[in-house]
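The sequence and the structure are shown first.

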Amino acid sequence: MSEVLIVGSVALDTVETPFGRVGRALGGAATYAATAASFFTGVRMVGVVGEDFPEEHLDFLRSRGVDLRGLERVPGKTFHWSGRYVGDLSQAETLATDLNVFADFNPTLPEAYRDTEYVFLANIDPELQRNVLRQVRAPRWTACDTMNFWIAGKRAALLELLEQVHLVLLNDAEARQLTGESDLGRAAQQILQGGPQAVVIKKGAHGAALYTEQPGESFPRWFSVPSYPVPVVRDPTGAGDSFAGGLMGYLAATEDLSEPNLRRAVVYGSVLASFNIEDFSLNRQRTLTREEIEERYEGFRRITAF
Ligand code: AMP
């Protein structure tokens, strides 16, 4: 059983969907990922918050066993993101991104974190993601996320980062933007040629696909899972980060990087994402149990068996 290091945004989110609205609720990519991973293994979190960040949010993360030695509290306000979802909830319309203390985020890892073998670099400037990687002594499995903003604005740094990570997670639009390929299989193939051993392409309500390079095979091996049919999708914020956290937590817990185990990790990622979208912020995770996770994992077997 290994631990996971998670680096990224810790936020207060204002979110509106057809099912309601929350103001300055707990959010941030690192928060979602760390919480998801905490259902499988120990998590070390790196991020920054301001003076306004409520102590109760730290208590929640501590209650999940998340190590917060790498979470700095500095003068100023916490990163605030505001977004709205309409229609099929497939895409957020960003209303505001107030970087605040996140603008100067350039993490220095606590000494105790530098031996972590499993690392998830949530969506931040790819130069910062590389900086973090440099501070980890001997990573066994590193994964990164990114977004359209960095693909367009920091392409060279992002491509260098991709040479150094084992897994990249991105959504379908980002995969197309990064490669110029409309076909996702070809996009994945091109990304794999740039360095990583595995690519996960997330397709929102249409599920996710894992592509891995296999010795002697000319096309990447492909594994596809649907999304889990939850009764009501109230707020999709953090689905991708919950997916990544669940996947990384399971990999670190099992320390098995074989292709069959990567498939299982993708299903666990899908399970965590499916719980996350049932409620706003991290509210569903507050009552979630490992038993419910296992039940839904078996549910995935049922909906994909034929
Ligand atoms: P997701 O829905 O998985 O894309 O993640 C949404 C989370 O990412 C929210 O909780 C936001 O606080 C956070 N977020 C939004 N924009 C950014 C950004 N530019 N950089 C880092 N985190 C962000």
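In this predicted model, His57 is in contact with Leu12, Leu26 and Arg286, leaving aside its neighbours within four places in sequence. His57 belongs to helix α2, which comprises residues 55–63. With a relative accessible area of 7%, His57 is buried, because the cut-off for that class is under 20%.

Strand β2 covers residues 11–17 and strand β3 covers residues 20–27; the two run antiparallel and are joined by six bridges. Together β2 and β3 form a hairpin, with two residues between them. One of the bridge pairs links Thr17 to Gly20 of β3.

**Helix α3**

Helix α3 spans residues 126–135, and seven of its 10 residues are buried, so the helix is largely enclosed by the rest of the structure. The buried positions are Pro126, Leu128, Gln129, Arg130, Val132, Leu133 and Gln135. Their cover includes the strands β1 (4–7), β8 (118–121) and β9 (141–145), together with α4 and α5. At the start of α3, a side-chain oxygen of Asp125 comes to within 2.8 Å of the backbone nitrogen of Glu127.

**Helix α6**

Which residues of helix α6 (172–179) are buried? They are Glu174, Ala175, Leu178 and Thr179. These residues lie on the same side of α6, because they cover an arc of only 115° around the axis. An α-helix has 3.6 residues a turn, so residues three or four places apart point the same way. The elements covering the buried residues of α6 include α4 (148–153), α5 (155–164), β10 (167–171), α7 (184–193) and β11 (198–202).

The N-terminal end of α6 is capped by Asn171, a side-chain oxygen of which lies 3.2 Å from the backbone nitrogen of Ala173. Following α6 comes Gly180, which has a positive phi, near 75°.

**Two further buried residues**

Gly185 is located in helix α7, and Ala209 is located in strand β12, residues 208–212. Gly185 is buried, its relative accessible area being 10%; Ala209 also counts as buried, at 1% relative accessibility. Not counting residues up to four places away in sequence, Gly185 touches Tyr211 and Phe219.

| Pair | Separation in sequence | C-alpha to C-alpha distance |
|---|---|---|
| Gly185 and Leu210 | 25 residues | 9.9 Å |
| Ala209 and Val225 | 16 residues | 6.3 Å |

**The second largest pocket**

How much space lies in the second largest pocket? Its volume is about 200 Å³. The lining consists of Phe223, Ser224, Val225, Pro260, Arg263, Arg264, Val267, Tyr297, Phe300, Arg301 and Thr304. At least two lining residues are supplied by each of β13 (221–225), α9 (259–276) and α10 (290–304).

Technical notes: Residues numbered from 1 in each chain as written. Predicted model: local features only at pLDDT ≥ 70, side-chain atom pairs only at ≥ 80, totals over all residues. Heavy atoms only, no water. Buried < 20%, exposed > 50% of the residue type's maximum accessible area, 1.4 Å probe, protein only. Helix = DSSP H or I, 4+ residues; strand = E, 2+ residues; numbered from the N terminus. Arc of directions from axis to C-beta. Contact = heavy atoms within 4.5 Å. Polar contact = N/O pair within 3.5 Å; in protein donor to acceptor, adjacent residues only side chain to side chain. Pairing = 2+ DSSP bridges. 1 Å grid on protein atoms, 1.4 Å probe; cavity = no way out; pocket = protein on both sides within 12 Å on 5 of 7 lines; lining within 4 Å. Points joined across faces, edges and corners; volume = space filled by probe spheres on them.
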